[in-house]
Every structure is written in C-alpha cells, then in structure tokens.
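Please keep the sequence and the structure at hand while reading.

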Amino acid sequence: MPVQTRTNTFAALRDCFATDLAALIGDKTQRDATPNTFIDLVEEGRDVLGSSSIGAWQDASDDLDSAATYLTEALTEPGADQPALLARARTHLRDAIEAAS
C-alpha cells in the first residue's frame, strides 16, 4: 500500500505544479504522468531558471533543486519518511513558483 500512496501523492504534486513549471520553462508539451517524469520536469526547470542572471529565478532554481532532491529521496529511499519528504518538496515547489512568477 505505501507505493500506491506515494504514487497518489506524486500525482497530486504533479497535478498541482506541472503546468506552472512547464509554463516557466516554455514547455507546452504534455508529459508522461510518472513520478520520474515529474522529477525530470522539476530538474529541467531548475536548470533553465538557474542559467538566468535574475536573482529571483536563481532562488527559484535553488528551491527546485531542493524539491528534486526530496522527491527523489521519497521515491527511492526504502524506509524513508515519504510523507515528510513530499511535504518538504511541496514547500520548495510552491516557493519556486512564487519566486519565479
């Protein structure tokens, strides 16, 4: 059951943030709905925003880097506290979207 819960939580995070992340990087394509693809989108956003000379975008890039780390750990670390890791990722995703907007 933990895998199903984790997958549902990833889906909720993706549904909440994927459109905004894609808009930030100018990506209009529909992406696969897997957790790994969502992490790839977060990392791509991190890279695009991090290459900017705008301070707020660099801050957003840092938040996206942290979010990607927490998402990856929640997905790959056996015995990890997935709800806490995903909550931290959500906070960083929200902060990144706000900083970059």
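Is S61 buried or exposed? S61 counts as buried because its relative accessibility is 8%; buried means under 20% relative accessible area, exposed over 50%, and partly exposed in between, with a 1.4 Å probe and protein chains only.

## Basis of the model

This is a predicted model, in which local features need pLDDT of at least 70 and side-chain atom pairs count only at pLDDT 80 or more, while totals for chains, interfaces and linings use all residues. Residues are numbered from 1 along each chain as its sequence is written, and side-chain values use heavy atoms, with hydrogens and water left out.

## Overall fold

The chain has 4 helices and 0 strands, in the order α-α-α-α along the sequence. Helices (H or I, at least four residues) and strands (E, at least two) are DSSP runs, numbered from the N terminus.

Of the 101 residues in the chain, 37% are buried. Among contacts between residues at least 6 apart in sequence, 56% join residues at least 24 apart; contact means heavy atoms within 4.5 Å.

Helix α2 covers residues 35-50, which is 16 residues. From first C-alpha to last it reaches 22 Å, close to the 22 Å expected at 1.5 Å a residue; the expected span is 1.5 Å times one less than the number of residues. The buried residues of α2 include F38, I39, L41, V42, R46 and L49.

The axes of α2 and α3 come within 8 Å and cross at roughly 160°. That angle makes α2 roughly antiparallel to α3. Axes are lines fitted to C-alpha atoms, for helices over the stretch in contact, and angles run from 0 to 180 degrees between N-to-C directions. Angles under 35 degrees count as roughly parallel, over 145 as roughly antiparallel, 65 to 115 as roughly perpendicular and the rest as oblique. The crossing of α2 and α3 is left-handed, meaning that the near helix is turned anticlockwise from the far one by less than a right angle; clockwise would be right-handed. Among the residues that meet here are F38, V42, R46 and L49 in α2, and W57, S61, L64 and L71 in α3.

S61 belongs to helix α3, residues 55-76. Apart from neighbours within four places in sequence, S61 contacts R46, L49 and G50. A polar atom of the S61 side chain lies 3.5 Å from the backbone nitrogen of G50.

S52 sits in the loop between α2 and α3 and is buried, at 14% relative accessible area. Its side chain reaches the backbone nitrogen of I54 at 2.9 Å. With neighbours within four places in sequence left aside, S52 contacts W57 and Q58.

## Helix α3 against α4

Helix α4 spans residues 82-100 and packs on α3 at an angle of about 160°, with the axes 8 Å apart. That makes α3 roughly antiparallel to α4. The crossing of α3 and α4 is left-handed. Residues making the contact include W57, L64, Y70 and L71 of α3, and L85, R88, A89 and H92 of α4.

Y70, in helix α3, is partly exposed, with a relative accessible area of 23%. Beyond its neighbours within four places in sequence, Y70 contacts L85, R88, A89 and H92. The C-alpha atoms of Y70 and H92 are 9.2 Å apart, with the two residues 22 apart along the chain.

Methods:
A polar contact is a pair of N or O atoms within 3.5 Å; within protein, one must be able to donate a hydrogen and the other to accept it, and residues adjacent in sequence count only if both atoms are side-chain atoms.
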